[in-house]
Amino acid sequence: MLNCLATVLGLFICVLLLFMAAPYIRRYMAGGVCKSTTKLNGKVVVITGANAGIGKETARDLAQRGARVIIACRDMAKGEAAAREIRAETRNQQVIVKKLDLADTKSIREFAENFLAEEKALHILINNAGVMLCPYSKTADGFEMHLGVNHLGHFLLTFLLLECLKQSAPARIVNVSSLAHHAGRIRFHDLQGEKCYNWGLAYCHSKLANVLFTRELARRLQGTGVTANSLHPGSVHSELVRHSSLMTLLWKIFYFFLKTPREGAQTSVYCAVAEELESVTGQYFRWAEVLDLLWWGRRVQLRCFWGVRIRGVGKVRL
Ligand SMILES: NC(=O)c1ccc[n+]([C@@H]2O[C@H](COP(=O)([O-])OP(=O)(O)OC[C@H]3O[C@@H](n4cnc5c(N)ncnc54)[C@H](OP(=O)(O)O)[C@@H]3O)[C@@H](O)[C@H]2O)c1
């Protein structure tokens, strides 16, 4: 009886302490705010998956700075609604929506073709769109969905827009990865997860691919005036967990400890505009902090992966 009372009292004290500490934990989780006052008038920005979550808030911030923002998304209705909201709030009429489905290389090529025909320059490309915890499925071209959308789609898009970025230099490529990349591996023997598939790990593998891609791309772009960096936005309350009821529930319960999408967009904005990052390239950011966690094995994977990937998406040349 006494033991039971002690347990209940202990639990009560823990919950009480958690509630008392909540505002401090919340402030810590919110992370930093991009303080750069850089204006982007006359600059052209493409953000993938900017109809929702972190991407939408990144678009809002860059539109506020005067950029011409192209929301590249697969759901045109959601994209138009986001663009209308951003145009009304920022009074920037240069926020437009273009169709891009990263799960279909035909759509990616069409997007790039239209972009190159209509726009004169590209100064910032933010590869933000992503999927997480999807049941096993494949893209239109037969790639496993996480690898196909989160990485290969962005890989192809970047290469199709690369000459334009080089001609518009100084220009920046920002790849939104995740802390989850630490649990990722490049499984050369089973890249499409056909022999063994785990929906959580598939996300981690694709996010590792984002980091490795950024490293190698930055190396190949040395001297062109185009930089490439990747980042972890933090744990953000968004629609990313929609495919898992458990994660959706956990996201609701721990809502208070998660970043808002606007807070989550700060690292993307920082990488896109901060003056001090003008010539910083090939890095992985967690807020304004550079983390170098690529150990030797990962560096070897990087070189091998580059070759495999180029074969995967057809003809692309740097
Ligand atoms: N939220 C987090 O805690 C967290 C943590 C680490 C990293 N990240 C990364 O942050 C990025 C943004 O995620 P978020 O949290 O903002 O999630 P979100 O609200 O679900 O936004 C993801 C965006 O990607 C788009 N997208 C998905 N599949 C696409 C496709 N085939 N073609 C084009 N667009 C597609 C979605 O479009 P629809 O609306 O049409 O689905 C949506 O606009 C992702 O790369 C994610 O991996 C997020």
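Is R91 buried or exposed? In this predicted model, R91 is exposed, with 9 other C-beta atoms within 10 Å, and the legends below begin with the loop that holds R91.

**View 1. R91 in the loop between α3 and β3.** The residue R91 sits in the loop that runs between α3 and β3 (95–99), and its phi is near 60°, a positive value in a residue other than glycine. Because 9 other C-beta atoms lie within 10 Å, R91 counts as exposed.

**View 2. L133 in the loop between β4 and α5.** L133 also has a positive phi, of about 55°, although L133 is not a glycine. With 17 other C-beta atoms within 10 Å, L133 is partly exposed, and its place is in the loop between β4 and α5.

**View 3. The cis peptide bond from A169 to P170.** The bond that joins A169 to P170 is cis, with omega near 5°, and P170 lies in the loop between α5 and β5.

**View 4. The packing of helix α2 with helix α3.** Helix α2 (residues 53–64) and helix α3 (residues 76–90) pack with their axes 10 Å apart and at an angle of about 35°, in a crossing that is right-handed. From α2 the contact draws on K56, A59, R60, A63 and Q64, while α3 supplies A82, I86, E89 and T90. These contact residues divide into 4 nonpolar, 2 polar and 3 charged.

**View 5. The packing of helix α5 with helix α6.** Helix α5 (residues 145–167) and helix α6 (residues 199–220) have axes 8 Å apart and meet at an angle of about 15°, and the two helices are therefore roughly parallel to each other. The crossing in which α5 passes α6 is right-handed. On the side of α5, the contact is made by H146, L147, N150, H151 and F155, and on the side of α6 the residues include A202, Y203, H205 and F213. The residues of this contact divide into 6 nonpolar, 6 polar and 1 charged.

**View 6. Helix α9 and its surroundings.** In helix α9 (residues 266–273), 8 of the 8 residues are buried, so α9 is largely enclosed by the rest of the structure. Among the buried residues are Q266, Y270 and C271, and the elements against which the buried residues of α9 pack include α2, β5 (171–176) and β6 (226–232).

**View 7. The shell around the ligand.** Of the 30 residues around the ligand, G49, G53, A129, G130 and S238 come nearest. Helix α2 gives the most to this shell, with 3 residues, and the shell divides into 14 nonpolar, 11 polar and 5 charged residues.

Key:
Residues are numbered from 1 along each chain as its sequence is written. This is a predicted model: local features need pLDDT of at least 70, side-chain atom pairs count only at pLDDT 80 or more; totals for chains, interfaces and linings use all residues. Axes are lines fitted to C-alpha atoms, for helices over the stretch in contact, and angles run from 0 to 180 degrees between N-to-C directions. Helices (H or I, at least four residues) and strands (E, at least two) are DSSP runs, numbered from the N terminus. A crossing is left-handed if the near helix is turned anticlockwise from the far one by less than a right angle, and right-handed if clockwise. Two residues are in contact if their C-beta atoms, placed from the backbone, lie within 7 Å. Ala, Val, Leu, Ile, Met, Phe, Trp, Tyr, Cys and Pro count as nonpolar, Asp, Glu, Lys and Arg as charged, and the others, Gly among them, as polar. A residue is buried if 20 or more other C-beta atoms lie within 10 Å of its own, exposed if 12 or fewer, and partly exposed in between; C-beta atoms are placed from the backbone. A residue is near a molecule or strand if its C-beta atom, placed from the backbone, lies within 6 Å of it. Angles under 35 degrees count as roughly parallel, over 145 as roughly antiparallel, 65 to 115 as roughly perpendicular and the rest as oblique.
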